[in-house]
Amino acid sequence: ATLAWLANHGELGTGLVVELGVGSWFSSSDSLSGDMLNSRSRVLPCFAAAISSPFANMQPSFRQPARRPQGVVPRVALLIVLSQSARAMSGYDSARDRMLRETQQGAGDCSAGDASAKTILVRGCDPVMAARSKEFLPKMLGNANIVTTTDDAAFLAALKEQQFEVVFFAPGACRFNAAKQPIPGGIAATRGWSLEEYRAAVRELQGNDITIVETLNEPEIVPLLRKALKLP
């Protein structure tokens, strides 16, 4: 519960967690080696991504076992890790807020048209963004039905299960493709795929008449989808 509170309160929470004794999880016999930090990261899964990088360039004397007052160095190390992790999580949330705001600001007038009988399949790569966008996008798209996926297993299964009017590759997925990086959420069958292979799979499973929408920019999402749905 304390760590969950920390995730929402940034550096202030970090300091309180350390003062509450999280540093005591490291015993005086522990070294601050990469293996120890990685093993302890299982206790703090929400900070695992930041466990390795802050310590990668530290001096060997810090990474090797050494005599020290019990708990002192681990408390400092944990404070660094948690502080950087809290900042990273805050940064992710800020980026999501910005992208969602840009999506809404670029929508324009969405009052006309009814697409309630149509369904859009979305392939994104961020489950949080997918969930939050479903809170407002349908109203901007004539109450169209939206099915969101963030991994290829679910995406390919959806393509096989029903017919869609539009298949939409979200900006995040398109940016990975533009950078020649794999779209997150891939599976063995889609390893190495670019959007070219995804498009081919969509047409194979949905037919050549399926409308595919792609964009790198959030402000273009609603206008492009409304056009694909033939909304005014």
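Tutor: We begin with a definition: helices are DSSP runs of at least four residues, numbered from the N terminus. Keep in mind that this is a predicted model.

Student: How far apart along helix 5 are R98 and E102?

Tutor: They are four residues apart, so about one helical turn separates them. R98 and E102 form a salt bridge, with their closest N and O atoms 3.4 Å apart. R98 is partly exposed, at 37% relative accessibility, and E102 is partly exposed too, at 24%.

Student: What is the general idea behind such a pair?

Tutor: Side chains of opposite charge can pair when their charged atoms come close. Here the count of salt bridges is seven.

Student: Which parts of the chain does the salt bridge between R96 and D126 link?

Tutor: R96 and D126 meet at 2.9 Å, N to O. The pair links distant parts of the chain: R96 lies in helix 5 (residues 72-105), while D126 lies in the loop between strand 1 and helix 6, 30 residues apart. R96 counts as buried because its relative accessible area is 16%, and the cut-off for buried is under 20%.

Student: Where are R123 and D152, the partners of another salt bridge?

Tutor: Their closest N and O atoms are 2.9 Å apart. R123 is in strand 1 and D152 in helix 8, 29 residues apart. Both R123 and D152 are buried, and R123 has a relative accessible area of 0%. As for shared partners, salt bridges join D93, R96 and D126 into one network.

Student: Which residues of helix 8 are buried?

Tutor: In helix 8 (residues 152-161), the buried residues are D152, F155, L156, A158 and L159. They lie on the same side of the helix because they cover an arc of only 155° around its axis. K160 and E161, on the other side of helix 8, are exposed.

Student: What do the buried residues of helix 8 pack against?

Tutor: They pack against strand 1, strand 2, strand 3 and helix 10. At the start of helix 8, a side-chain oxygen of D151 comes within 3.1 Å of the backbone nitrogen of A153.

Student: Now the cysteines. How many disulfides does the structure hold?

Tutor: A disulfide is a covalent bond between the sulfur atoms of two cysteines. This structure holds zero.

Terms used: Residues numbered from 1 in each chain as written. Predicted model: local features only at pLDDT ≥ 70, side-chain atom pairs only at ≥ 80, totals over all residues. Heavy atoms only, no water. Buried < 20%, exposed > 50% of the residue type's maximum accessible area, 1.4 Å probe, protein only. Disulfide = S-S within 2.5 Å. Helix = DSSP H or I, 4+ residues; strand = E, 2+ residues; numbered from the N terminus. Arc of directions from axis to C-beta. Contact = heavy atoms within 4.5 Å. Polar contact = N/O pair within 3.5 Å; in protein donor to acceptor, adjacent residues only side chain to side chain. Salt bridge = Lys/Arg side-chain N within 4 Å of Asp/Glu carboxyl O.
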